[in-house]
Amino acid sequence: MPLVRIDHSDARTNSTEIAAAVHHAIVAVYGIPVRDRFQVLTSRPATTIVAEDAGLGFDRADPVIIQIFTQRGRTDETKQALYAEIATRLAEVGVGGEDVFIGYVENGPQDWSFGFGRAQYLTGELAVPAAKPNVAGV
């Protein structure tokens, strides 16, 4: 049940495809249910996104900023597999690897409310999801 924020410039006209690519990557790597989808998509003027190379020596043409908020417990290898899968799937919808920027934030079951002012993982209304290995066993 990651919450995913995706920001991109309004020059990109394929928000739906970008969002679907990110979601399908998470489903494939983390094994979450397909309908476990929480995304916020924001298209904004290109001048409101600043994403340089952090000293890696490449230029970004039209960055797509992805923030993933999810429960802790996945291995570094699984996260790396997710990043690679997101980049691969975004390439299929026209987003170059140099334009993919991902920020990953982990938290615990106490940090989620799905409505009605309750933390459903704490009240037992929802089972706390276990970290699952992806199909490659990562």
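Visitor: Which residues does Asp7 touch, not counting residues up to four places away in sequence?

Guide: Asp7 touches Thr42, Arg44, Ile49, Pro63, Val64 and Ile65. Contact here means heavy atoms within 4.5 Å. The model is a predicted one, in which local features need pLDDT of at least 70, side-chain atom pairs count only at pLDDT 80 or more, and totals for chains, interfaces and linings use all residues. Residues are numbered from 1 along each chain as its sequence is written, and side-chain values use heavy atoms, with hydrogens and water left out.

Visitor: With which side chain does the side chain of Asp7 make a polar contact?

Guide: The partner is the side chain of Arg44, at 3.0 Å. A polar contact is a pair of N or O atoms within 3.5 Å; within protein, one must be able to donate a hydrogen and the other to accept it, and residues adjacent in sequence count only if both atoms are side-chain atoms.

Visitor: Is Asp7 buried or exposed?

Guide: Asp7 is buried, because its relative accessibility is 9%. The cut-offs are under 20% relative accessible area for buried and over 50% for exposed, with partly exposed in between (1.4 Å probe, protein chains only). Asp7 is found in strand 1, residues 3–9. Helices (H or I, at least four residues) and strands (E, at least two) are DSSP runs, numbered from the N terminus.

Visitor: And Thr42, where is that found?

Guide: Thr42 is found in strand 2. Thr42 is buried, with a relative accessible area of 18%. Leaving aside neighbours within four places in sequence, Thr42 is in contact with Arg5, Ile6, Asp7 and His8.

Visitor: Let us step back. How many helices and strands does the protein chain have?

Guide: The protein chain has 3 helices and 4 strands. From the N terminus on, their order is β-α-β-β-α-β-α. The radius of gyration is 16 Å, close to the 14 Å that the globule rule gives for 138 residues, so the protein chain is as compact as a globular protein of that length. That radius is taken over C-alpha atoms, and the rule is 2.2 Å times the number of residues to the power 0.38.

Visitor: What does the C-alpha trace span along its principal axes?

Guide: The span is about 45 × 35 × 25 Å. Of the 138 residues, 38% count as buried. Residues 24 or more positions apart account for 75% of the contacts with a separation of 6 or more.

Visitor: Switching to backbone angles: what is phi of Ala54?

Guide: Phi of Ala54 is near 55°, a positive value in a residue other than glycine. Most residues other than glycine have a negative phi. Ala54 is found in the loop between strand 2 (38–44) and strand 3 (64–71), and at 76% relative accessibility Ala54 counts as exposed.

Visitor: What about phi of Phe116?

Guide: Phi of Phe116 is near 65°, also a positive value. Phe116 has its place in the loop between strand 4 (100–107) and helix 3 (120–123). Phe116 is exposed, with a relative accessible area of 74%.

Visitor: Finally, how many Å apart in space are Thr88 and Ala11?

Guide: They are 21 Å apart, C-alpha to C-alpha, and 77 residues apart in sequence. Thr88 lies in helix 2, residues 76–91. At 44% relative accessibility, Thr88 counts as partly exposed.
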